[in-house]
2 protein chains.
Amino acid sequence: MRNLITDVPDVLVGNAQDARAAPGVTVALFEHSTVASVATLGGAPGSRAVSLLEPEMTRGLIDAVVLSGGSLFGLDAAGGTTSVLASQKRGALFGGITLPVAVQAILFDLINGGEKDWIREPMTHKPPYWDLGRDAALAAAADFALGTVGAGFGATTVNLKGGLGSASARTPQGFTVGALAAVNAVGAATIGDGPQFWAGAYERGSEFGGLGWPARVPAEALAMRFKGQPAPATATTIALVATDAKLSKAECKRLAIMANDGLARALRPVHAPNDGDTVFAAATGQAGPGGEPPVLTELGAAAADCLARAVARGVYEAQALPYKSALPDWQQRHGRK
Amino acid sequence: MRNLITDVPDVLVGNAQDARAAPGVTVALFEHSTVASVATLGGAPGSRAVSLLEPEMTRGLIDAVVLSGGSLFGLDAAGGTTSVLASQKRGALFGGITLPVAVQAILFDLINGGEKDWIREPMTHKPPYWDLGRDAALAAAADFALGTVGAGFGATTVNLKGGLGSASARTPQGFTVGALAAVNAVGAATIGDGPQFWAGAYERGSEFGGLGWPARVPAEALAMRFKGQPAPATATTIALVATDAKLSKAECKRLAIMANDGLARALRPVHAPNDGDTVFAAATGQAGPGGEPPVLTELGAAAADCLARAVARGVYEAQALPYKSALPDWQQRHGRK
C-alpha cells in the first residue's frame, strides 16, 4: 500500500503546476471508464461536466477527475485532459467518435502571490489551465507527490499553507478505498494554532505527525476563525474518493455524500457560503458488489476517514510558497519531520 | 421589437463559427451581472459552471451564457468568453480580482461533416472552442443572425437541418421576455415531414412560415421517429430565456423549468436519455418585481411560448451544410420564403 488513492486499482494521478504563476492542476485518470457521481456541499462551487453525474442522468462513466486552481478560469483544464484521453482512445464511442469524459472542480487560489498575466491582460495572454490539464494527465502514474503540487500548489487554509493530500485504507470486507484532496479551506485543519489536526483521531501511523488529539481543546482553538473576516473571501476544498467496489451511480452519490463527512471532521468551518467544496466518488468495480446498505455504509465511513486523513496530510506535506505575504507551512511552524 | 432575445434590455448576443470544422458558439452577454438559474431536463448534459446556479448556492449573478457545439470538447468555449469579460472588467471583485461568470451548455454535433482535426490528432491540434467563445463574446450585439450560425451551425433535427432561433414577447403586465435556442433535437420540430411546426399554435405573424397547425395530424406524423434508431445517438437542444423582471435565483429556476415546457411543445420527442437539453433563465431586473406566483406564472408561460417559437425559427431559418450526407433545410423541403 502506498497510502495514496492509487492503491485503488485502475486509478492514476498526475500533477502539473506553473511555479511563476502559481496555479496547478491534479488529474486522477481511470484506466477504464468508471462509474462516478458527485456531492457539492460548498456554497460557491465551480465545476465542469458534473451535471451528467447526477443519478437521473444517462451517462455515468467517466475517464478522469480534474482538480484545479484558478477558480472559473481554471475550468479550461479538463479540456487539456480531454485531448490526452482522446489521444489514448479512452471514452465511449459515439457515431464513430471516441468521447472521453473528464469532470472537474476548481478552487479559488487567484490571490496566492503568483504572476497572473492572463488576468492583468486577458486579451493578450491565455490562461495556463488547458495546458496544465494536458500535462497533469500526461504525468498520471501510481506514484505522485503530495503537498505544494498540482491543485494544491496555490492552496491555503486560514492559518497555514494548504496542499494536495491523499490516503487509502482497506475495509473489513476487503475493499480498497482511497481519497485525494486539494485543501484550500476557508477554515483550519489544525486545532487552533497548535500542531495537532482535527483529523487526529483517524490518523494511521504517523502519516501527519502522529500527535493525536489534545485531551482538552483550548477555548481559543474553538474561537471562530476563517478566511475573509470581515471581507468575503473564497476558498474551497475539492476531493475525489475512489473504491474498487462495484457501485451504481446513485450509490456513488451516497458515497460522495458520506465522504463529505470527512471534510466536516478535518476542517472547521467547512461547506461555507464562499466555499465550493465538492467531493467526487468513483467506483472501479473490480472487487465485486458494494452497494448493499451495510456494505455501502462501511465504504462510506472508510471514505470519510480517508478523506479526513488526506486533508491533514495535504497540510502536513505542504511547503510555503516563496512570496512575501505567503502563509507559513506546518513544518515551519511545528518543526521539520 | 426585433423579435430576438436582445429585446430584453441588457442582453447582447454574438455568434462565431468555423466553416471548415463546422463547430460554432453563441454567447449571450449581459451588460450588468444578472441573476440566473438553470433547469437541465435532458439525460446526457454537458455543462460548465452550472452548479453555482442552484438556489442553495451563494452566487447567483452571471455575466454570460455560452451555448456551443462540440459536446464535451466544446466546454472550453466559456474560457474564451471569460477572458473577454475580464478584459471588459465585468464580474464581481474578489480579493482585487474581477471574476466574471460565464456559464455554459453544449450540444453534440461532432458528426456533422466538418473536419475535426483535434479529434483525429488530439495531441497536435487544440479544439477551436476557446477561440470561438472569445470571438462570439467580442461579436455580441443587439442584432444577430439566426439559423446556421453560432451554436446552431452544426445542429440538426431528426429530419431537417437545425439551427439557432430566437423570439421575444411582451407580457400583459408589461415585462419583456425573450428566448434563444440552439436546436439540435433528437426529435422533430415539424409535424411529420410536412411544413408545419409543432410550435405552430404559438407563432407570431409569419415568423416561421405562418402555416399554423393541420386540422388533423396524420398518423404517420405521430409515429415515433428520433435520431439514433436503433443505435444510440446524442443530440441536445440548449437555450436561454431572459426577462427584464426582477427575480430571485429560485424564481429563475422556476422560470427555467416552465420554459422547458416550450421545448416539450415544439419538439417531439425531447428531454430524452441521450439529449442534454438545458434551459438557462436570467432576470435583468429593470422592469420591477416579477416573483409573485401569478406574475411568475405569466412570465413562465410567456417564456415557454417564446422558447417554442425560437425552436421553430431556428429550424425555419437554417441553411443545410454543404456536405454530402447533410440533412436538407426547411426552405429546401418546403419552398423558399
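B:H271 is located in the loop between α5 and β11 of chain B; helices (H or I, at least four residues) and strands (E, at least two) are DSSP runs, numbered from the N terminus. This is a predicted model, in which local features need pLDDT of at least 70 and side-chain atom pairs count only at pLDDT 80 or more, while totals for chains, interfaces and linings use all residues; side-chain values use heavy atoms, with hydrogens and water left out. Residues are numbered from 1 along each chain as its sequence is written, and chains are lettered from A and ligands numbered from 1 in the order in which they are written.

**Backbone features in loops**

- Most residues other than glycine have a negative phi, and most peptide bonds are trans.
- B:H271, although not a glycine, has a positive phi of about 60 degrees.
- With a relative accessibility of 23%, B:H271 counts as partly exposed; the classes are buried (under 20% relative accessible area), exposed (over 50%) and partly exposed (in between), using a 1.4 Å probe and protein chains only.
- B:K89 is another residue other than glycine with a positive phi, near 60 degrees, and its place is the loop between α1 and β5 (92-94) of chain B.
- B:K89 counts as exposed because its relative accessibility is 62%.
- The loop between α5 and β11 of chain B also holds B:P269, and the peptide bond from B:R268 to B:P269 is cis, with omega near -10 degrees.
- In chain A, a cis peptide bond joins A:R268 and A:P269, with omega of about -10 degrees; A:P269 lies in the loop between α5 (249-266) and β11 (278-283) of chain A.

**Helix α5 of chain B**

- The buried residues of α5(B) are B:K249, B:C252, B:K253, B:L255, B:A256, B:A259, B:N260, B:G262, B:L263 and B:A266.
- Viewed down the axis of α5(B), these buried residues fall within an arc of 160 degrees, so they line one face of the helix; the arc is that of the directions from the helix axis to the C-beta atoms.
- The partners against which the buried residues of α5(B) pack are β2 (24-40), β10 (238-243), β11 (278-283) and α6 (293-316) of chain B; contact means heavy atoms within 4.5 Å.

- B:A39 belongs to strand β2 of chain B and is buried, having a relative accessible area of 2%.
- Although B:A39 and B:I257 are 218 residues apart along the chain, their C-alpha atoms are separated by 5.5 Å.
- Apart from neighbours within four places in sequence, B:A39 contacts B:A256, B:I257, B:N260, B:D277, B:T278 and B:V279.
- From first C-alpha to last, the 24 residues of α6(B) reach 34 Å, close to the 34 Å expected at 1.5 Å a residue.
- Helix α6(B) is mostly covered, with 18 of its 24 residues buried.

**Surroundings of B:T148**

- B:T148 sits in the loop between α3 and β8 (164-170) of chain B, where a relative accessible area of 16% makes B:T148 buried.
- Its side chain reaches the backbone oxygen of B:Q319 at 2.6 Å.
- Setting aside neighbours within four places in sequence, the contacts of B:T148 are B:F153, B:K161, B:G162, B:E317, B:A318, B:Q319 and B:L321.

**Interface between chain B and chain A**

- Chain B contributes 47 residues to the contact, and chain A contributes 47 residues.
- About 4100 Å² is buried between chain B and chain A, with carbon and sulfur atoms giving 69%; buried area is the accessible area (1.4 Å probe) that two parts lose on being put together, summed over both.
- B:L72, B:I97 and B:M123 supply 14% of the area that chain B buries against chain A, more than any other three residues.
- Four salt bridges are counted between chain B and chain A; a salt bridge is a side-chain nitrogen of Lys or Arg within 4 Å of a carboxyl oxygen of Asp or Glu.
- A:R48 and B:D76 meet through their side chains in a salt bridge (2.9 Å, N to O).
- Between chain B and chain A, 18 residue pairs are in polar contact (both at pLDDT 80 or more); a polar contact is a pair of N or O atoms within 3.5 Å, where within protein one must be able to donate a hydrogen and the other to accept it, and residues adjacent in sequence count only if both atoms are side-chain atoms.
- On the side of chain B that touches chain A, the elements giving two or more residues are β3 (47-48), α1 (77-87), β6 (97-99) and α3 (129-138) of chain B.
- α1(B) gives the most to that side of chain B, with six residues.

How values were computed
The expected span of a helix is 1.5 Å times one less than its number of residues.
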